[in-house]
Amino acid sequence: HVLERVSGLGVMLAVLPTVALMLTSLHFFARQQEAETSARMAEAAALQHKADLAISQARQRQAEMAADHLRELERSEQRFNSAFTHASIGMALLSDRGIVQLANPALGTLLGLEPAAMLGRPFDDFLHHGTAGQALVVEGTRAPREVRCRRRNGDDVWQGRIYQRFKDASNMTDRQGALAITDLSNLFGA
């Protein structure tokens, strides 16, 4: 028995370092795997953060560009409104059927009306009875013509007008027109 104990004890003493080495190796291998997994996860998180940051910056740039575009549109509309309102020639925006949608003060002065009184009415309403129907009945986009209009007080006034058709950007099927009018009464002796 002693020999068996010694040889069993000797085997145990011989195997123990090998088992300890294997357990230690297994422990370090598991730790290395955990470290690599943590590093991959950290790298993935960093990449996700970069992607989120890039998306956020792109959205911010897009929002800034949209805001800049909106400001430019507002400035453009202000310039148009200012030019339209302060123009020395009569101007109106007409529907495709010749209905006055917008009229400036100079046109009101030419016709002896407030611009608001012209809104919603056919422009033919402001023409001399002999010229009604001729104002917009011209093929093509530009139509210079002299027309006789009737002022509110009944006086006739000769006017030179240019009518330009265009498509409404918000509804590309509707055609509209811009009308520019100047007083020619001195030329016609009216």
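Trainee: In which helix do R71 and D68 both lie, and how many residues apart are they?

Mentor: Please bear in mind that this is a predicted model. R71 and D68 both belong to helix α1, and they are 3 residues apart, which is about one turn of the helix. Their side chains meet in a salt bridge, with N and O at 2.2 Å.

Trainee: Are R71 and D68 buried, exposed or partly exposed?

Mentor: The general idea is that a residue is called buried under 20% relative accessible area, exposed over 50%, and partly exposed in between. R71 has a relative accessibility of 40%, so R71 counts as partly exposed. D68 is likewise partly exposed, because its relative accessible area is 42%.

Trainee: How many salt bridges does the count give?

Mentor: The count comes to 4 salt bridges. One of them joins R75 to E72, where the closest N and O atoms are 3.0 Å apart. R75 and E72 also both lie in helix α1, at a separation of 3 residues, about one turn of the helix. R75 is partly exposed because its relative accessible area is 40%. E72, at 35% relative accessibility, therefore counts as partly exposed too.

Trainee: Which residue does D125 meet in a salt bridge?

Mentor: The side chain of D125 meets that of R121, at 3.5 Å from N to O. With relative accessible areas of 43% for D125 and 31% for R121, both are partly exposed.

Trainee: Let us turn to the surface. Which residues form a nonpolar patch there?

Mentor: The patch is formed by V11, V15, V19, L23, L26 and F29, which together have about 560 Å² of accessible area. Let us take L26 as an example. L26 has its place in helix α1, which covers residues 2–86. Its relative accessibility is 56%, so L26 counts as exposed.

Trainee: What share of the contacts joins residues at least 24 apart in sequence?

Mentor: Among contacts between residues at least 6 apart in sequence, the share is 35%.

Trainee: How do strands β1 and β2 run, and how many bridges join them?

Mentor: In a regular strand, the side chains alternate between the two faces of the sheet. In this case, β1 (residues 90–94) and β2 (residues 100–103) run antiparallel and are joined by 3 bridges. A92, for instance, has A103 in β2 as its bridge partner. The hairpin of β1 and β2 has 5 residues between the strands, and G98 in this hairpin takes a positive phi near 85°.

Trainee: Is G90 buried or exposed?

Mentor: G90 has a relative accessibility of 0%, so G90 counts as buried. Its place is in strand β1. Leaving aside neighbours within four places in sequence, G90 is in contact with N104, A106, L107, L110, L179, A180 and I181. G90 and L107 are 17 residues apart in sequence, while their C-alpha atoms are 3.7 Å apart in space.

Trainee: N104 is among those contacts of G90. Where is N104 found?

Mentor: N104 is in the loop between β2 and α2 (105–111). At 0% relative accessibility, N104 therefore counts as buried.

Trainee: Which backbone nitrogen does the side chain of N104 reach?

Mentor: The side chain of N104 reaches the backbone nitrogen of L107, at 3.0 Å. Not counting residues up to four places away in sequence, N104 touches F84, T85, A87, I89, G90, M91 and P115.

Notes:
Residues numbered from 1 in each chain as written. Predicted model: local features only at pLDDT ≥ 70, side-chain atom pairs only at ≥ 80, totals over all residues. Heavy atoms only, no water. Patch = residues over 30% accessible without salt bridge, like charges linked within 9 Å, V, L, I, M, F, W, Y side chains within 5 Å. Areas by Shrake-Rupley, 256 points an atom, 1.4 Å probe, with all protein chains shown as cover. Helix = DSSP H or I, 4+ residues; strand = E, 2+ residues; numbered from the N terminus. Buried < 20%, exposed > 50% of the residue type's maximum accessible area, 1.4 Å probe, protein only. Pairing = 2+ DSSP bridges. Contact = heavy atoms within 4.5 Å. Polar contact = N/O pair within 3.5 Å; in protein donor to acceptor, adjacent residues only side chain to side chain.
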